[in-house]
Structures are given as structure tokens and as C-alpha cells.
Amino acid sequence: MGILLQLFFSFATVGLFCVGGGYASMPLIQAEVIEKYGWLSMNEFVDIFTISQMTPGPIGINAATFVGSKVAGIPGSIAATAGFVFPSVVIVLLLAYLYYKYGNVGPIRGILNGLRPAVVALIARAGLDILLLAFWNKEKLPVEVMQADKIAILIFILTYFALKKKLGTIKLLASSGVAGLLFYMISGIQP
């Protein structure tokens with residue numbers, strides 16, 4: 001199978017099973033592009049999700065576009081993005097019909113209520129993987145607590161509290177990038 005078809009079907013699989021929004025797609029994309037095909041390293045994956053967060057549009061679609069571009073240029077971007085979106089369009093049309101016709105039926109409510117904790121677990125797992133890479137530059141446990149990147153932790157804490165002030169994602173990302181540049185330059189530590 002050609003690389004464009006692999007990208008399309010790989011991201012169609014992600015799009016088909018991605019329940020809960022863009023962050024829920026992270027572990028699915030990770031499984032496809034790192035573990036199954038080896039198209040990206042974990043560092044490249046985290047970089048792509050960081051860029052996807054900073055660019056306009058849904059994070060999952062942006063990630064598909066960036067991965068496709070990295071793997072096969074502009075045709076790869078188109079194939080991966082189309083693959084990611086295709087199942088969603090079909091599913092949303094079907095679910096909209098079913099929800100409006102049967103939305104208050106007990107089994108449907110049960111399915112929806114059962115999906116919520118699973119989505120939270122998927123997001124938490126992806127968050128832990130990214131946290132390990134951000135603070136320890138490691139992809140797996142165990143880690144030495146004292147060997148954590150203090151600058152990364154400081155930026156994390158400052159950003160966390162800045163989120164409570166509702167400063168906006170773009171301002172937070174831009175200021176975090178500038179803070180990282182300054183802190184690492186001043187400290188002489190290699191990130």
C-alpha cells in the first residue's frame with residue numbers, strides 16, 4: 001500500500017475511534033505514527049502537538065496535517081487530514097439523526113455516560129506521556145524526581161496559574177516560549 005493510502009487509513013482509524021475531542025486523539029495518533037509505523041519519534045510527536053496547539057483549528061486535524069506533511073509533503077498532509085475528517089463527517093451525520101430520534105432512550109444515555117470516563121483516561125495517559133517528556137526528557141517511567149527539568153516545571157506552574165487569569169492560549173504559549181528562551185539562555189542549561 002502506498003504511503004498516501006497508509007496515511008489516509010491510519011488517520012481514518014484515529015478519526016473513527018477518537019471520542020472526546022482533539023486531546024483524546026493524542027494517544028491514538030501516538031500509537032499510529034510512533035508505535036505502529038515509526039514515522040515520528042516521541043520528541044517529534046510532542047513538537048507536532050505543540051505546534052498543533054498554537055495554530056488555528058482543531059488540534060487533531062492540525063496534527064494530522066503536520067504528520068502528513070512530515071511523512072509525505074503536501075499530498076501527505078491532504079491524505080492524513082482527509083482520513084482524519086472522513087469518519088467524523090459520516091459518524092456525526094449518523095449520530096445527529098439517531099440522537100434527535102432516540103436521544104432520551106436509556107441505553108443511549110448509558111453509552112454516552114460510559115464513554116466519558118474512558119475519554120478522560122485516554123487524555124490522562126497522553127498527558128502523562130507528554131509530562132514525562134517535558135519534565136524528564138524520558139518517554140517511560142521510572143524517573144528520578146530530583147532530575148526533573150526545574151525550568152520546565154517553573155514554566156508549567158506559571159502557565160497553570162496564568163490559566164486561572166484567563167489570559168488566552170496564544171498569549172500563554174507565546175510568553176512560555178519567550179520565558180523558556182530566556183530561562184535556558186540565562187541558566188546555560190541545554191533543554
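Leaving aside neighbours within four places in sequence, S25 is in contact (heavy atoms within 4.5 Å) with V14, C18, F49, G60 and F84. The structure is a predicted model, in which local features need pLDDT of at least 70 and side-chain atom pairs count only at pLDDT 80 or more, while totals for chains, interfaces and linings use all residues. Residues are numbered from 1 along each chain as its sequence is written, and side-chain values use heavy atoms, with hydrogens and water left out.

**Overall architecture**

- The protein chain has seven helices and zero strands; helices (H or I, at least four residues) and strands (E, at least two) are DSSP runs, numbered from the N terminus.
- The pattern read along the sequence is α-α-α-α-α-α-α.
- The C-alpha trace of the protein chain spans about 60 × 40 × 35 Å along its principal axes.
- Of the contacts in the protein chain with a separation of 6 or more, 51% are accounted for by residues 24 or more positions apart.

**Surface and charge**

- Of the 191 residues in the protein chain, 29% are buried; buried means under 20% relative accessible area, exposed over 50%, and partly exposed in between (1.4 Å probe, protein chains only).
- The accessible surface of the protein chain comes to about 12000 Å², and 72% of this surface belongs to carbon and sulfur atoms; accessible areas come from the Shrake-Rupley method with a 1.4 Å probe, and for residues only the protein chains shown count as cover.
- The protein chain carries 13 positive and 8 negative charges, whose mean positions are 15 Å apart.
- In that count Lys and Arg are positive and Asp and Glu negative, with His and the chain ends not counted; the place of a charge is taken as NZ of Lys, CZ of Arg, CG of Asp or CD of Glu.

- S25 lies in helix 2 (residues 22-36) and counts as buried, at 0% relative accessibility.
- S10 is found in helix 1 (residues 3-17) and also counts as buried, at 2% relative accessibility.
- The side chain of S10 makes a polar contact with the side chain of E32 at 2.7 Å; a polar contact is a pair of N or O atoms within 3.5 Å, where within protein one must be able to donate a hydrogen and the other to accept it, and residues adjacent in sequence count only if both atoms are side-chain atoms.
- Apart from neighbours within four places in sequence, S10 is in contact with E32, Y37 and W39.

**Aromatic pairs**

- The structure holds seven aromatic pairs; rings of Phe, Tyr and Trp (its six-membered ring) pair if their centres lie within 6.5 Å, with planes under 30 degrees apart counted as stacked, over 60 as edge-to-face and the rest as tilted.
- One of these is the tilted pair of F8 and F86, at 6.4 Å centre to centre with 45 degrees between the planes.
- F8 lies in helix 1 and F86 in helix 4 (residues 59-102), so this pair ties together parts that are 78 residues apart in sequence.
- F8 is partly exposed, with a relative accessible area of 23%.
- F135 and F156 form an edge-to-face pair, with 5.4 Å centre to centre and 85 degrees between the planes.
- Because F135 lies in helix 5 (residues 106-136) and F156 in helix 6 (residues 150-164), the pair ties together parts that are 21 residues apart in sequence.
- F135 is buried, with a relative accessible area of 9%, whereas F156 counts as partly exposed at 43% relative accessibility.
- Ring pairs also link F8, F9 and F86 into a cluster.

**Residue L5**

- L5 lies in helix 1 and counts as partly exposed, at 46% relative accessibility.
- The C-alpha atoms of L5 and A80 are separated by 8.7 Å, although these residues are 75 residues apart along the chain.
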